Amino acid sequence: MTGIRPLSPGDPAGPGVLGGKGHGLVTLMRLGLPVPPGFVIPPAACRAYLRDGTFPDGLDAAARDLRAALVSVRSGAAVSMPGMMDTFLDVDPRSADLRAAVEAVFSSWLLPRAVTYRELHGIPHDLGTAVVVQAMVSGDRDEHSGSGVAFSRDPSTGARHPYGDVLFERPGTDVVSGRVATRPLGELEQREPAVWAALLDGLDRVERHYRDVCHVEFTFESGRLWFLQVRPGGLAGRAAVRVAVDLADERIIDRATAVRRVSARQIRAARTPRILITDDLDVIARGTGASPGVATGRIAVTADRAARMAADGPVILVRPHTSPLDMHGLAAAAGIVTTVGGPTSHAAVVARAMGKAAIVGAAGLTVDLASGQILTSGRTLPEGVLITIDGTGGELVAGTAETTTDESGSHLDRLLAWAASADTALSP
Amino acid sequence: MTDLLVLHTLRCLGFTDPARVADAAALTEADAESRLIDLAVEGLVTRTPGPFGGWGLTEAGKSEDARLVAAELAAAGTRDAVTGAFERFLVLNPELLDLCTAWHMRPVHGVTEVNDHTDAGYDARVLARFADLDRRAADVCADLGTALPRFARYRERLTAALARATAGELEHLADTTTSYHNVWFQLHEDLLVTLGIPR
């Protein structure tokens with residue numbers, strides 16, 4: 001099973017041969033959803049290459065058959081290892097670059113970060129990765145192009161509406177980089193109604209197929225939507241509880257399945273204090289929850305100010321990013337917000353070490369150090385203004401906010417009742 | 001002559017107390033404090049009182065430190081070696097952050113939760129990966145120490161932090177002001193300041 005396989009809806013192979021990404025793409029095709037043409041080099045070819053340098057036959061022919069001017073070359077292990085291996089975009093399929101890119105993806109299986117990821121997630125080291133080569137679709141081609149990511153339901157609350165980020169006239173790499181301020185997914189509806197309709201249809205189909213909430217990556221090129229990845233599941237805490245109960249109510253899964261899906265750990269996580277989400281809540285921005293907990297305090301935009309202001313009451317330190325030079329401010333603050341960076345950034349690591357609520361990557365915010373205020377599209381919040389942050393859901397709201405440990409109460413109660421009546425013990 | 005050892009140590013620590021300056025610069029606490037007072041007289045550092053107070057550089061102190069450090073590098077004639085080591089440091093940096101995150105949070109049955117350190121097997125795997133990273137970091141630190149001798153102190157401090165964590169004082173990986181994570185970040189800051197790269 002080292003041979004190259006075209007991406008085809010008829011391919012019966014599983015993730016062990018196609019890799020997780022390749023298997024998802026074949027599933028999307030089977031559901032009638034648009035996927036750029038491409039082929040998969042199975043993990044067995046990676047293993048052979050890493051063992052003795054053997055390179056799979058037929059790469060040039062497979063690339064020629066794509067008839068694409070440019071291709072993408074991505075890793076796709078049987079078990080998801082997001083961001084740990086190499087990706088190459090805009091590769092000329094008729095050049096030696098293609099073979100070099102495939103070899104680089106094979107070799108990236110052995111990168112120390114990837115090794116660490118496997119160690120910590122209990123993934124065997126001898127699996128190897130598949131390589132997915134596809135015709136490039138460009139999110140930056142024209143004004144009717146763009147890229148985005150979408151969950152079929154809100155990953156923070158589990159509520160039944162699509163949630164995600166989109167960038168117009170930009171490639172997908174910009175969406176996941178965290179360095180560019182993305183737009184809320186809903187903006188697609190006004191700007192590209194046909195793409196929006198196709199996306200909703202696709203999300204509905206993948207949910208029904210996987211019988212679970214799904215996450216997709218997509219690009220639209222000149223008004224035409226393409227799916228680049230699908231992954232089921234992945235929600236935690238109260239969102240996982242709500243989705244399991246709602247899916248049972250929608251008769252997509254039965255109650256026993258709903259009970260089986262939610263572990264005792266998920267239920268414990270569902271009880272972490274959160275901001276009570278209400279309709280009149282003034283949500284200023286949303287980022288990634290990086291250290292759980294809810295904190296209320298006055299905005300400070302430098303570590304020095306945070307340290308001084310903390311003597312008069314709780315402070316939320318809002319920074320573009322943090323460094324060791326901000327340690328005194330981090331120590332003094334009740335909560336931390338950064339506008340760039342992800343869950344492994346300095347701010348996130350320090351906040352967790354100190355047990356403080358933190359949001360990272362709140363890309364909709366700008367910190368204006370010169371004027372000592374934070375800016376969002378359309379409003380200005382000076383230093384000293386009271387805000388509340390939720391380090392689980394990533395919400396930043398004006399003023400104080402009610403907190404709750406059982407917002408999913410009715411969902412949780414129902415799930416527990418189903419578990420009791422079925423006499424099905426929750427898994428650990 | 002300006003006391004570059006203490007000035008630059010405080011520059012990379014940011015804002016702190018004399019005990020940490022003493023630890024980082026291998027001085028006694030009394031000596032560190034006395035030298036900080038001398039720098040304050042020169043207008044290069046200042047002490048903020050209060051519960052979250054401490055010592056930090058003034059704007060004049062920051063520019064004087066940048067000037068002196070640039071002159072030191074020029075005199076040593078090792079900019080290329082430091083730049084090369086910095087590039088290799090940047091390859092290791094995401095790994096260090098991954099490991100600190102893995103230390104604080106762990107994926108269990110699809111839920112990322114706070115690592116409560118009750119699973120000794122998991123903690124041992126993280127610690128083993130720290131040790132592996134540290135072996136590769138040692139090469140970078142050795143090259144830095146050759147290029148500019150003051151960098152040798154980081155190797156000692158990183159080794160000390162890892163040794164304490166390995167001996168069971170687990171907070172020395174990522175949870176104290178002298179932890180591996182903290183020393184690593186001071187090294188990062190030092191490299192940026194030394195090469196004159198804005199953060």
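Axes here are lines fitted to C-alpha atoms, for helices over the stretch in contact, and angles run from 0 to 180 degrees between N-to-C directions. Helices (H or I, at least four residues) and strands (E, at least two) are DSSP runs, numbered from the N terminus.

**Entry 1: the model.** I noted that this is a predicted model, in which local features need pLDDT of at least 70 and side-chain atom pairs count only at pLDDT 80 or more, while totals for chains, interfaces and linings use all residues. Residues are numbered from 1 along each chain as its sequence is written, and chains are lettered from A and ligands numbered from 1 in the order in which they are written.

**Entry 2: a helix pair.** I looked up helix H5 (residues 112-121) of chain A against H5(B); their axes lie 10 Å apart and the packing angle is about 15°. That makes H5(A) roughly parallel to H5(B), a label for angles under 35 degrees. I listed the residues in contact (C-beta atoms, placed from the backbone, within 7 Å). H5(A) contributes Pro112(A), Arg113(A), Thr116(A) and Leu120(A), and H5(B) contributes Pro94(B), Glu95(B), Asp98(B), Leu99(B) and Ala102(B).

**Entry 3: the chain contact.** I found 35 residues of chain B in contact with 31 residues of chain A. On the chain B side, helix H5 (79-104), strand E4 (105-108), strand E5 (111-114), helix H6 (120-147) and helix H8 (180-195) each supply at least two residues. H5(B) gives the most, with nine residues.

**Entry 4: the cores.** I then looked up nonpolar cores, which are sets of buried Ala, Val, Leu, Ile, Met, Phe, Trp, Tyr and Cys residues joined through C-beta atoms within 7 Å. Buried means 20 or more other C-beta atoms within 10 Å of a residue's own. The largest core has 94 residues, and Ala306(A), Val315(A), Ile316(A), Leu317(A) and Ala333(A) have the most contacts inside it. The largest share of this core, nine residues, comes from H5(B). A second, separate core of 81 residues includes Val26(A), Leu228(A), Ala258(A) and Val259(A). Leaving out residues up to four places away in sequence, Ala306(A) touches Ala300(A), Val315(A), Leu317(A), Gly329(A), Ala332(A) and Ala333(A).

**Entry 5: Gly293(A).** I located Gly293(A) in the loop between strand E13 (288-291) and strand E14 (294-300) of chain A. Gly293(A) is buried, because 20 other C-beta atoms lie within 10 Å. Residues up to four places away in sequence aside, Gly293(A) touches Pro273(A), Lys356(A), Ala357(A) and Gly391(A). I also checked Ala363(A), 70 residues from Gly293(A) along the chain; their C-alpha atoms are separated by 20 Å.

Key. Contact = placed C-beta atoms within 7 Å. Parallel < 35°, antiparallel > 145°, perpendicular 65-115°, else oblique. Buried ≥ 20, exposed ≤ 12 C-beta atoms within 10 Å, placed from the backbone.
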